[in-house]
Amino acid sequence: QVQLVESGGGLVQAGGSLRLSCAASGSIFSINAMRWYRQAAGKGRELVASISSGGSTNYADSVKGRFTISIDNAKNTVYLQMNSLKPEDTAVYYCNADIVRSRGLVPYIYWGQGTQVTVSS
């Protein structure tokens with residue numbers, strides 16, 4: 001069994017910062033990549049940022065220069081540092097990960113339960 005647990009969401013004023021964490025636990029052989037998605041009310045889920053186990057990163061244009069994704073491979077944890085937050089960043093933020101549970105198995109995508117981020121104007 002594998003679990004992803006997010007934390008760090010909350011209410012912040014525009015211009016403020018939050019740091020999200022997502023820890024993977026359970027039967028894990030390796031993690032190939034981890035990502036942060038978000039879903040605002042009434043909208044589809046969008047990819048915010050991704051990072052490989054080697055540290056390669058990608059960002060949505062809307063968050064470039066404001067958000068930073070990082071990974072601690074020893075802790076199986078991914079972080080999302082969010083600075084200069086805007087009201088349009090308000091959403092439920094989800095992490096997911098490509099996890100290999102045992103040597104020789106193909107990676108499977110697991111999702112966390114989500115954490116709410118609300119940015120007030």
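Modeller: What follows covers ring pairs, charges over rings and salt bridges. This is a predicted model, where local features need pLDDT of at least 70, side-chain atom pairs count only at pLDDT 80 or more, and totals for chains, interfaces and linings use all residues. Residues are numbered from 1 along each chain as its sequence is written, and side-chain values use heavy atoms, with hydrogens and water left out.

Colleague: How many aromatic pairs does a search of the whole structure find?

Modeller: Two. Rings of Phe, Tyr and Trp (its six-membered ring) pair if their centres lie within 6.5 Å; planes under 30 degrees apart count as stacked, over 60 as edge-to-face and the rest as tilted. Tyr37 and Trp111 make a tilted pair, with 5.0 Å between centres and 50 degrees between planes.

Colleague: Where in the chain are Tyr37 and Trp111?

Modeller: Tyr37 is in strand 4 (residues 30–39) and Trp111 in strand 10 (residues 108–111), 74 residues apart, so the pair links distant parts of the chain. Strands (E, at least two residues) are DSSP runs, numbered from the N terminus.

Colleague: Why is the pair of Tyr108 and Tyr110 called edge-to-face?

Modeller: Because the planes of Tyr108 and Tyr110 are at 65 degrees, with the ring centres 5.0 Å apart. Tyr108 is exposed at 53% relative accessible area, while Tyr110 is buried at 15%. Buried means under 20% relative accessible area, exposed over 50%, partly exposed in between (1.4 Å probe, protein chains only).

Colleague: Switching to charges: which ring does Arg45 lie over?

Modeller: The ring of Tyr94, at 3.8 Å from the ring centre. Arg19 has its charged end over Tyr79, 4.0 Å from the centre of that ring. The criterion is NZ of Lys or CZ of Arg within 6 Å of the ring centre and within 35 degrees of the ring normal.

Colleague: And how many salt bridges?

Modeller: Five in the whole structure, each a side-chain nitrogen of Lys or Arg within 4 Å of a carboxyl oxygen of Asp or Glu. One of them joins Arg35 and Asp98 at 2.6 Å, N to O. Arg35 belongs to strand 4 and Asp98 to strand 9 (residues 91–100), 63 residues apart.

Colleague: Are Arg35 and Asp98 buried or exposed?

Modeller: Arg35 is buried at 16%, and Asp98 is buried at 14%.

Colleague: Which residues are linked in a network of salt bridges?

Modeller: Arg38, Glu46, Arg66 and Asp89. Within that, Arg38 meets Glu46 at 2.6 Å, N to O; Arg38 is buried at 6% and Glu46 partly exposed at 33%.

How values were computed
Helix = DSSP H or I, 4+ residues; strand = E, 2+ residues; numbered from the N terminus.
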